[in-house]
Amino acid sequence: MNNTISQFFQSAGHLLAELEQSLAPVLPGQDLTALAAFAVYVLIILGGGLTAVLARNLVRAMMGLVVTFLGVAGMYLLLASPFLAFMQLLIYIGAVCVLIFFAIMLTKNTSDGEETRYPAVCNVLLAVLAALAPPVLAGPIIYKAAALIPTRTPVDSTANLGEGLLSMDLVPFELISVILLAAMAGAVFLAWPHPGGDKS
Amino acid sequence: MDLSLAIFVQIIVAVLLIIGLMVGNAVVMVYMERKVAGFIQRRPGPYEVGPWGTLQAVCDSMKLLAKQVFLPGNVDFILYYLAPILAFLPVLLLFLPVPFGPILTPLHINEGIVLILAFAGLGVLSNLLAGWSSNNKYSLLGAGRAVAQTVAYEIPMILALLAVVLQSGSMDLAKIVGQQGQYPWQWNIALQPLAFFIYLVSLVGETNRAPFDLPEAESELTAGFHTEYSGMGFALFFLSEYANMLLVSFVCASFFLGGYKGPFLDGIWWTFIKAYLIMFFIVWIRWTFPRVRFDQLLNINWKWLLPLGLLNLWLTAVLVKFLV
């Protein structure tokens with residue numbers, strides 16, 4: 001019994017190894033499993049993101065956002081940083097999405113999304129521009145400087161984690177609070193009464 | 001390749017066993033809840049089906065399996081069917097880092113407690129989704145209460161767990177259990193009594209159980225967020241609610257009560273005895289205390305548990321800094 005099971009897994013392992021070898025000329029120097037996982041996560045992120053942008057119903061759009069966050073958490077797992085992945089789930093799905101949902105529930109919202117209108121062409125162009133900005137600005141830096149990024153020690157104790165957050169990663173850690181500040185400022189700006197009676 | 005395949009198989013086997021544990025737990029808890037409620041209210045509880053009514057829960061689950069899954073009109077059916085599935089699936093992952101016995105931990109992971117807290121967040125989302133997509137004012141009110149309550153009670157719960165994490169210097173449940181001794185005075189409850197108390201109160205709030213069962217208050221909201229669900233839709237919510245109760249009990253046992261360690265002989269039996277004693281405690285207070293009002297519920301949390309949790313965390317930090 002035990003023997004058959006181990007044989008089964010051995011043959012499965014051989015099969016995967018063969019597949020990897022046959023694909024090696026097409027994709028040199030790549031781990032096939034990691035590549036497949038990357039492709040799956042990219043599809044999840046894209047699907048979720050498109051749902052979030054194109055859905056007429058606000059709650060469905062928010063579910064698209066949840067799916068996107070799940071995909072991003074998967075990317076972090078693929079980068080071998082499970083702590084960051086779980087934090088992504090805890091903060092973005094457990095807190096941010098729930099608060100968005102709460103805001104949707106407090107407004108008048110019907111399930112057929114009667115209040116949504118298709119955006120103007122100018123807005124669509126601006127949105128595409130905004131989406132292209134991060135990869136165009138940050139992409140070359142990441143591509144060039146990938147070798148400079150030091151390898152991290154795994155988070156195996158709280159002392160280790162705290163030291164990392166307050167020494168080497170201090171700048172990104174503080175920059176996250178700027179993002180929260182921007183979100184808060186945006187909310188205040190939207191709620192502020194606009195002079196001249198804006199219709200939005 | 002072989003190592004990752006082995007871990008993959010390990011996770012699959014663990015998830016299958018966890019499904020068995022969830023179903024078995026629901027059957028045991030339905031019987032226990034009805035029997036304990038009966039004794040507390042001076043009536044016998046179920047006693048017709050099987051010896052001492054033990055087969056009652058099995059009959060109930062057969063009935064649930066056979067019932068029609070009803071779809072109300074004017075409902076966003078994708079979200080309506082997604083909600084119970086979203087309630088059920090994350091629970092399967094929640095049990096992975098729990099150390100059931102000295103060697104029996106489904107998945108060794110350094111960030112165990114963070115994994116549990118992260119995937120528990122999906123449960124709140126499913127409650128909200130169920131309440132919103134039912135297109136029913138009772139469900140919507142229940143969902144609104146669920147979010148305000150769960151978001152509030154998550155904070156003292158995390159603060160209480162954080163104090164223990166700070167003290168033991170690890171987020172791995174197996175390591176936290178490993179640092180505790182065999183006898184009750186060597187458990188974390190002796191070092192962190194305040195954190196244990198805060199955790200015990202907020203776990204009742206977090207699992208939406210009476211006296212904090214505002215999201216599904218029967219006498220006010222029919223059944224709260226799952227009013228419109230019948231058959232297996234309801235059964236999935238029901239299963240995941242009991243599984244969540246079991247999970248917070250396991251976490252409580254591991255963090256504060258020494259997990260699998262106990263007098264005479266360490267082993268899986270101590271984990272289950274401790275977890276089910278906490279489950280009994282949850283059932284006991286459900287049938288003893290009346291339901292609180294919503295403002296009272298939030299006042300307990302924001303005015304008492306949160307300051308106490310912060311104070312406890314600060315004290316722990318000072319003690320860890322100067323004593324260890």
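I began with α8(B) and α10(B), which are roughly antiparallel to each other, because an angle over 145 degrees counts as that. Their packing angle is about 180°, and the axes of α8 (residues 193–206) and α10 (residues 231–256) of chain B lie 11 Å apart. Axes are lines fitted to C-alpha atoms over the stretch in contact, with angles running from 0 to 180 degrees between N-to-C directions. Helices are DSSP runs (H or I, at least four residues), numbered from the N terminus.

I noted that this is a predicted model, where local features need pLDDT of at least 70 and side-chain atom pairs pLDDT 80 or more, while totals for linings use all residues. Residues are numbered from 1 along each chain, and chains are lettered from A.

Next I asked which residues of α8(B) and α10(B) make the contact (heavy atoms within 4.5 Å). From α8(B) I listed B:Ala195, B:Phe196, B:Tyr199, B:Leu200 and B:Leu203, and from α10(B) B:Val248, B:Val251, B:Cys252 and B:Phe256. They divide into 9 nonpolar, no polar and no charged.

I found 1 cavity of 30 Å³ or more; a cavity is a set of points on a 1 Å grid where a 1.4 Å probe fits but cannot get out, and lining residues have an atom within 4 Å of a point. The largest cavity holds about 470 Å³. Its lining has 31 residues, with B:Glu206 and B:Asn244 among those nearest the centre. α4(B) gives the largest share, 9 residues.

Notes:
Heavy atoms only, no water. Helix = DSSP H or I, 4+ residues; strand = E, 2+ residues; numbered from the N terminus. Parallel < 35°, antiparallel > 145°, perpendicular 65-115°, else oblique. Nonpolar A, V, L, I, M, F, W, Y, C, P; charged D, E, K, R; others polar. 1 Å grid on protein atoms, 1.4 Å probe; cavity = no way out; pocket = protein on both sides within 12 Å on 5 of 7 lines; lining within 4 Å. Points joined across faces, edges and corners; volume = space filled by probe spheres on them.
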